[in-house]
Amino acid sequence: MSAPFQFNTTERNIPYILFYDNGDQVVPTHWHRELELAFTLKGETRLLCNDEMYELGEGEAVLINGGDTHFYFTSAEHRRIVIIFSLDIIDGTSNSMNDKKALAYRLGENAKSSSEWTVSDKEELRRIMHRLEDLNHRDVFGRDLLVRALVFEILCMFAKDEYGRGSNANYHSENKAMDKLQRIFYYIERNYMHPITLADIADEAGFDPSYFTRFFRAYTNVTFHDYLTNYRVSKAQYILINQPDRPIGFVAEDAGFTSIKTFNRAFLQVSGMSPSKFRKVNL
């Protein structure tokens, strides 16, 4: 996989963002750990996902799993909703880690497109998408909880038994590597606040360190060190915004940085500004 890895910025309080795309430019091949849902409002959405072509009519959607490479073609007189979200959106229960693993597996096994869904399920998806549109940028009581609930509904629809695609040799072959990456990502989610050595993460993936280094770079186009640094900076950004009185030194420690000097340097490199300026701009 030579497609570049993409880091995404989501909303302040939940790992989710909704925006529109008119399809007037190609979206180059890329991948990211978040899921991406494209819902066609007008015209036709054409994309490649893992080298498979999808053509979506109005009211149809495709759910791109974390780790899937995808490329959007240009489309005339076209408009689509794009939702990017992490499975972290289901956090909050004692079993959330197992739920995320089970969902990731089920979504990987099932069909990505809603084009073959029943009429009633397509109508239900339209209803959900219209509600998410209505909630976008609205400051109403319980708004984030409603968004979470609607995303849950979408996930459950794509995970239905009747939309399974059976045994797929290409999927299983490609996703042996994706399963390894997902395991690495889950390990980072649980341990980013602690020191993580190359030996630690290689052992978690079942590789020796030298092979792991080549494996991770080949599938992400970034080094493991750069990925971990970016992840920790994204956690620090969240803390800076949501805990405005938290001292910078403690934020660095919370995000897994061993020194304030290392934190400031990494934050500036990733964000283009210092932690204090980032907090000031975003509050």
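Helices here are DSSP runs of H or I, at least four residues in length, and they are numbered from the N terminus. With that in hand, welcome to a short tour of this predicted model.

**A loop residue and its surroundings**

Threonine 197 sits in the loop between helix H4 (169-191) and helix H5 (198-205). Threonine 197 counts as partly exposed, because its relative accessibility is 39% and that class runs between 20% and 50%. Histidine 225 lies 28 residues from threonine 197 along the chain, and the C-alpha atoms of the two are separated by 9.4 Å.

The table lists the relative accessible area of each, together with its class.

| Residue | Relative accessible area | Class |
|---|---|---|
| Cysteine 49 | 1% | buried |
| Arginine 143 | 8% | buried |
| Threonine 197 | 39% | partly exposed |
| Cysteine 156 | 53% | exposed |

Why is arginine 143 classed as buried? Its relative accessible area is 8%, and buried means under 20%. Arginine 143 belongs to helix H3 (residues 143-158). Once neighbours within four places in sequence are set aside, its contacts are Glu11, Ile14, Tyr16, Leu135, Asn136, His137 and Arg138.

How many disulfides does the structure hold? The number is 0. A disulfide is a covalent bond between the sulfur atoms of two cysteines.

Next comes the packing of helix H7 (residues 224-242) with helix H9 (residues 260-271), whose axes are 10 Å apart and meet at an angle of about 95°. The pair is therefore roughly perpendicular, since that class covers 65 to 115 degrees. On the H7 side, the contact is made by Thr229, Asn230, Val233, Ala236, Gln237 and Leu240, which meet Phe263, Ala266, Phe267, Val270 and Ser271 of H9. The residues of this contact comprise 7 nonpolar and 4 polar ones, with no charged residue.

**Aromatic rings**

A pair of aromatic rings is described by the distance of the centres and the angle of the planes. The model has 16 aromatic pairs. One of them joins phenylalanine 71 and phenylalanine 73, with 5.0 Å from centre to centre and 85° between the planes. This pair is edge-to-face, because its angle is over 60 degrees.

Which residues do ring pairs link into a cluster? They are Trp31, Phe185, Tyr192, Phe212, Phe216, Phe224, Tyr227 and Tyr231.

Methods:
Residues are numbered from 1 along each chain as its sequence is written. This is a predicted model: local features need pLDDT of at least 70, side-chain atom pairs count only at pLDDT 80 or more; totals for chains, interfaces and linings use all residues. Side-chain values use heavy atoms; hydrogens and water are left out. A disulfide is a pair of cysteine sulfur atoms within 2.5 Å. Buried means under 20% relative accessible area, exposed over 50%, partly exposed in between (1.4 Å probe, protein chains only). Axes are lines fitted to C-alpha atoms, for helices over the stretch in contact, and angles run from 0 to 180 degrees between N-to-C directions. Helices (H or I, at least four residues) and strands (E, at least two) are DSSP runs, numbered from the N terminus. Angles under 35 degrees count as roughly parallel, over 145 as roughly antiparallel, 65 to 115 as roughly perpendicular and the rest as oblique. Contact means heavy atoms within 4.5 Å. Ala, Val, Leu, Ile, Met, Phe, Trp, Tyr, Cys and Pro count as nonpolar, Asp, Glu, Lys and Arg as charged, and the others, Gly among them, as polar. Rings of Phe, Tyr and Trp (its six-membered ring) pair if their centres lie within 6.5 Å; planes under 30 degrees apart count as stacked, over 60 as edge-to-face and the rest as tilted.
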